[in-house]
Amino acid sequence: MNCTSTISGRTPGPKWRSPIHLQGAVLTRSTGGPSGRSGHRMVAWKRQLILFGGFHESTRDYIYYNDVYAFNLDTFTWSRLSPSGAGPAPRSGCQMSITPQGSIVIYGGYSKQRVKKDVDRGTQHSDMFLLQPEDGREAGRWAWTRINPAGAKPTPRSGFSVAVTPNHQTLLFGGVCDEEEEESLEGDFLNDLHFYDAARNRWFAGQLKGPKSEKKKRRRGQKAEPEGANKREWGGAGAQQPLEVVREVVTEDGTVVTIKQMLAAPGSAGQPPSDEEDSPDEAGGAVVEPSPRSNAMLTVKHGQLYLYGGMFEAGDRQVTLSDLYRLDLHKMQEWTALVEMDPGTQEWLEETDSEEDSDEDEGAEGGDEDEDSGGEAGDVLSRQA
């Protein structure tokens with residue numbers, strides 16, 4: 001870093017040269033920038049911030065965007081990019097990440113459109129696009145290219161979470177897959193892991209190996225057994241079935257919400273089970289992993305993936321979570337629960353329609369004028385974020 005003497009006489013020492021001075025700095029509004037919105041995505045590319053998409057919703061209407069803007073970190077000015085080629089349809093809540101080659105990947109997202117008066121239909125996008133500079137320069141022209149990755153692609157979903165791994169792959173976790181009708185919206189919440197390798201243009205399903213100590217015990221046991229004594233034929237009648245895990249969450253008012261989750265048997269992704277894989281029974285206890293959810297937050301530090309919070313739906317209710325998990329991305333063995341779910345801190349985003357709940361709402365807030373619209377609005381916002 002280039003160092004100069006400090007401006008302030010009370011804080012002697014070096015300072016960093018930057019467009020912002022330590023004294024009297026005022027950030028003014030830059031013209032030519034994007035309109036107000038939410039659900040957009042933004043990444044840092046060289047000395048620019050690249051922003052894509054999002055939506056804006058008012059009491060009467062809504063609009064989704066697929067425009068691209070760049071904010072210059074040296075001049076503090078916005079500019080709208082006009083990439084050539086066919087780009088993504090307007091959307092919010094998509095994946096946006098930088099590849100090792102310097103391109104920008106856009107994947108998935110959510111949008112809705114009006115099919116008739118007072119009836120909207122949502123779309124969960126599963127397409128992928130590459131945004132890249134045509135000549136590699138920051139001030140040059142950009143181009144859209146639609147790509148079709150190979151491998152184990154994620155199922156269509158919205159509300160998924162994204163992070164970048166130490167080997168520059170993009171990690172995708174969870175989300176919700178909706179079954180939507182005119183008057184109802186039901187979501188199948190997920191907790192699976194997927195990795196996108198931009199260098200190979202390929203998706204990989206995240207498979208956990210299980211505790212290492214248990215695998216060693218199994219290998220020792222197999223050596224002592226006669227050959228073929230406890231073998232299972234792949235795909236035959238003795239093939240292992242998916243494991244159903246049932247969890248119960250108790251709320252402050254005593255309501256019990258049951259979450260049923262199907263865990264795939266080892267090797268169910270298309271490969272026969274290997275000798276080094278452990279079944280849930282052999283792992284010596286219940287599987288520790290985040291429950292299915294959407295809109296969780298992910299970050300990676302020193303090869304450790306951290307996952308916090310999120311939400312899921314139970315009937316007409318939305319439950320926010322406050323648990324924290326960690327996964328070693330180098331070993332890919334098992335999740336570790338750092339902070340368990342505390343039923344006392346969980347928050348219902350939508351009340352039930354029971355008479356008891358209605359009476360409580362009226363007594364506490366003096367009415368229930370917004371009760372009919374809260375659930376539907378909450379469902380849609382959780383997809384768009």
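## How the strands were paired

Two strands count as paired here if DSSP finds at least two bridges between them. Strands themselves are DSSP runs of E with at least two residues, numbered from the N terminus. What you have above is a predicted model, in which local features need pLDDT of at least 70 and side-chain atom pairs count only at pLDDT 80 or more, while totals for chains, interfaces and linings use all residues. Residues are numbered from 1 along each chain as its sequence is written, and side-chain values use heavy atoms, with hydrogens and water left out.

## A five-stranded open sheet

Let's start with an open sheet of five strands, ordered β11-β15-β14-β13-β12, with mixed pairing. Its edges are β11 (150-151) and β12 (161-164), each of which pairs on one side only. On the β11 side, two bridges link β11 to strand β15 (residues 202-205), and these two run parallel.

Follow the chain on from β12 and you'll find Q169 in the loop between β12 and β13 (170-180). Is Q169 buried or exposed? With a relative accessibility of 14%, Q169 counts as buried (buried means under 20% relative accessible area, exposed over 50%, and partly exposed in between, using a 1.4 Å probe and protein chains only).

Which residues does Q169 touch? Leaving aside residues up to four places away in sequence, Q169 touches A163, V164, F195, Y196 and D197, where a contact means heavy atoms within 4.5 Å. With D197 there is also a side-chain polar contact of 3.4 Å (a pair of N or O atoms within 3.5 Å; within protein, one must be able to donate a hydrogen and the other to accept it, and residues adjacent in sequence count only if both atoms are side-chain atoms). Q169 can also be placed relative to W203: the two are 34 residues apart in sequence, with their C-alpha atoms 9.7 Å apart in space.

## Hairpins around β5

Now for strand β5 (residues 62-72). Eight of its 11 residues are buried, so β5 is largely enclosed by the rest of the structure. On one side, β4 and β5 run antiparallel and are joined by nine bridges, forming a hairpin with four residues between the strands. Within that pairing, I50 has A70 in β5 as its bridge partner.

A70 also stands opposite S79 in β6. Strand β6 (residues 77-81) pairs with β5 in the antiparallel sense over five bridges. This is a hairpin too, with four residues between the strands, and F76 in the turn has a positive phi of about 55°.

Strand β19 (residues 304-314) has eight buried residues out of 11, so the rest of the structure largely encloses it. Five bridges pair β18 with β19 in the antiparallel sense, and K301 has Q304 in β19 as its bridge partner. The hairpin of β18 and β19 leaves two residues between the strands, and H302 in the turn has a positive phi of about 50°.

Going on to β20, 10 bridges join it to β19, again with the strands antiparallel.

## Salt bridges

Side chains of opposite charge can pair when their charged atoms come close. How many salt bridges does the structure hold? There are seven, a salt bridge being a side-chain nitrogen of Lys or Arg within 4 Å of a carboxyl oxygen of Asp or Glu. Among them is E57 with K112, with the closest N and O atoms 3.3 Å apart. E57 belongs to strand β4 (residues 48-57) and K112 to strand β8 (residues 104-116), so the pair ties together parts 55 residues apart in sequence. E57 is partly exposed at 36% relative accessible area, whereas K112 is buried at 11%.

Another one joins D323 and R293, at 2.8 Å from N to O. Since D323 lies in strand β20 (residues 317-328) and R293 in the loop between β17 (256-263) and β18 (297-301), this pair ties together parts that are 30 residues apart in sequence. Both D323 and R293 are buried. Then there is D120 with R114, the closest N and O atoms being 2.9 Å apart. Here D120 is partly exposed at 26%, and R114 counts as partly exposed at 43%.
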